[in-house]
Amino acid sequence: MSNEQNSGIIIPAGAAPRVGFVSLGCPKAGSDAEQILTKLRAEGYEIAPTYDGADLVIVNTCGFIDAAVEESLDAIGEALSENGKVIVTGCLGAKGDIVQTTHPSVLAVTGPHAADEVMGHVHTHLPKPHDPYVDLVPPAGVRLTPDHFAYLKISEGCNHSCTFCIIPSLRGPLVSRPIGDVLKEAEALAESGVKELLIISQDTSAYGVDVKYRTGFWGGRPVKTRLKELCEALGELGIWVRLHYVYPYPSVDDLIPLMAEGKILPYLDIPFQHASPRILKAMRRPASAENVLERIAKWRSICPDITIRSTFITGFPGETDEDFEQLLQFLETARLDRVGCFPYSPVEGAEANELAGLPPLEVREERRQVLMEVQADISAEKLAAKIDREMTVLVDAVDDDGTLARSAGEAPEIDGLVILDGFHDAEPGDFIQVRIVDSDEHDLYAEPI
């Protein structure tokens, strides 16, 4: 049911909105109920003791045995009959679509341990009382990015132990955000005018591993806490969705058809770091270069327009001329679209500091320069192949010289631009159709269609 259909709840001036609450089941369900009631009262909602005194009703259900399921369904039915505006939470909500099938008129359904998700549905159907302090903050929060794109963090921490990295010791192990929370934030950003979401984390591919891909809820429907299902849901928002920091797990293969279908942008940011099996092992990174090349070829066969960005480290401890040559050969074969490179730099606390054979700084830097020269030629060739193509671009800025934009193949601030010299008839956040007329090593030049 849309927000417009439920906007008929009118609260008299000065009156606090009132929520009725029915709680069934075990003490754990009771604890969940206490959390929700606490949040309601903290936000200024009143708790109504009767159906007819409530602006909407929350039913906290049990679904452990058949009798509990029946009791919960009856309670939902009674609340609908007596009040008509009902949000369902609790264990029954996690048992497939039994609630929606039996009572299709409920406003929303969540599973257990979902206080924040319940509050989100309450806010949708019964806006919270005005708070002169909190309500100074816009719905999408305070952001540092321009209005038309935003970063969306889906998890924190990392379960890997790469020898050059200390992120796990700084940020801890992987902790995935509840998928309902992630999707609600994405929805709020889209509603605020954001045109592009950049999905970030320490290890985006691992989203949901720590919670064993637990089922969450968004808009009353179950959604598995896994990157593929997250991308499918984000693809429904009608805006660009771009993936960053994607670890090269086999599960990444499942995302490529979504890109080919236009549900998310055909763009993958995968930090391969190296191509020498010996160095990858010393780095404690997965996959061999041969497997990576095979997978890239498969991805391109499914989604020919895919843009692949990666980063590499030169001069890692123990890297020989032969190892570096393997890396260059990998680049020549893989022909990645966008590449960043850093000379190895020791980080206090990293295991790699104990490894032998650290090349001198000048060698590390020289190898970085050589790698970037090789990649510059590849990038120039790949961008030149786009001349005469028509594409959709997102405008980032308009200045005296013209318009700066990006296509699906350019992430903000790290990739190149699509430049429209002398064109001023656009605003940041606009999508426009262009034809590519020229290119260089990093940027495309276009004219509006």
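Residues are numbered from 1 along each chain as its sequence is written. In this predicted model, local features need pLDDT of at least 70 and side-chain atom pairs count only at pLDDT 80 or more, while totals for chains, interfaces and linings use all residues, and side-chain values use heavy atoms, with hydrogens and water left out.

Reader: What area do domain 2 and domain 3 bury between them?
Author: Buried area is the accessible area (1.4 Å probe) that two parts lose on being put together, summed over both. Trp240, Arg338 and Leu383 are the residues of domain 2 that lose the most area to domain 3, together 33% of what that side buries. Of the total, 54% is on carbon and sulfur atoms, and domain 2 and domain 3 bury between them about 1,700 Å².

Reader: How many salt bridges does the rule find across the interface of domain 2 and domain 3?
Author: The rule asks for a side-chain nitrogen of Lys or Arg within 4 Å of a carboxyl oxygen of Asp or Glu. The side chains of Arg309 and Asp415 meet this rule, at 2.7 Å from N to O. Across the interface of domain 2 and domain 3, the number of salt bridges found is 4.

Reader: Where does UniProt place the feature "domain: TRAM"?
Author: UniProt positions follow the numbering used here, with feature names shortened, and annotations may be inferred rather than shown by experiment. The unreviewed UniProt entry places the feature at residues 384-449.

Reader: Which residues carry the UniProt feature "binding site"?
Author: In the unreviewed UniProt entry, the feature "binding site" is placed at Cys26, Cys62 and Cys91.
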